[in-house]
Amino acid sequence: MSNPDDKTTDTINYVDRIDAPHLYFDIAPAHGVMANNVEIELAARTLNPQPDGSVEVKFITTARLRCSQAGALHLRNALDAVLKMFEASQQGHSAAAKLN
């Protein structure tokens, strides 16, 4: 099994498909392991109008992620990296706010 932290110069045969779906979610309410696969349920917040004019908030399933342990490690590394980008950009904004 390859190491997702490995930064070697090995090339990956990657094809960028323009018709690949975009998944949006607000929460990951459930996760587990079955048959040696990682399972993660994703859900998004919805607003449902009610007959009385109020709004009901619900979360609906938007996707079900299924992957190997290696796939989960790659996903976690990607999420960790992007969260570090958010932290760096927020620190830059707070530093800029202090200068004003």
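I started with the pairing of β2 and β3: 12 bridges join them, and they run antiparallel. Two strands count as a pair if DSSP finds at least two bridges between them.

Before going on, a note on the source: this is a predicted model, where local features need pLDDT of at least 70 and side-chain atom pairs count only at pLDDT 80 or more, while totals for chains, interfaces and linings use all residues. Residues are numbered from 1 along each chain as its sequence is written, and side-chain values use heavy atoms, with hydrogens and water left out.

**Entry: the sheet**

I picked Arg 45 and looked across to β3, where its bridge partner is Phe 59. β2 and β3 form a hairpin with 5 residues between them. In that turn I found Gly 53 with a positive phi of about 95°.

On the β1 side, I got 6 bridges between β1 and β2, again in the antiparallel sense. One position I checked there is Val 33, which stands opposite Val 38 in β2.

What is the strand order in the open sheet? I read β1-β2-β3, 3 strands with antiparallel pairing. β1 and β3 (55-67) stand at the edges with a single partner strand each, so one side of each has no neighbour in the sheet. The twist averages 25° from one strand to the next; the axes behind such angles are lines fitted to C-alpha atoms, for helices over the stretch in contact, and angles run from 0 to 180 degrees between N-to-C directions.

**Entry: Thr 46**

Thr 46 lies in strand β2. Is it buried or exposed? Thr 46 is buried, because its relative accessible area is 18% and the cut-offs are under 20% for buried, over 50% for exposed and partly exposed in between (1.4 Å probe, protein chains only). Leaving out residues up to four places away in sequence, Thr 46 touches Glu 56, Val 57, Lys 58 and Ile 60. A contact here means heavy atoms within 4.5 Å.

**Entry: the β1-β2 loop**

I went looking for positive phi values. Most residues other than glycine have a negative phi. Ala 35, in the loop between β1 (27-34) and β2 (37-49), has phi near 55°. Asn 36 is in the loop between β1 and β2 too, with phi near 65°. Both are exposed: Ala 35 has a relative accessible area of 70%, and Asn 36 comes in at 71%.

**Entry: the helix**

Next I turned to Met 85, which is found in helix α1 (residues 69-99). Met 85 is exposed, with 57% relative accessible area.

**Entry: totals**

I count 1 helix and 3 strands, running β-β-β-α from the N terminus on. Of the 100 residues, 10% count as buried. The accessible surface comes to about 8,800 Å², and 57% of that belongs to carbon and sulfur atoms.

How values were computed:
Helix = DSSP H or I, 4+ residues; strand = E, 2+ residues; numbered from the N terminus. Areas by Shrake-Rupley, 256 points an atom, 1.4 Å probe, with all protein chains shown as cover.
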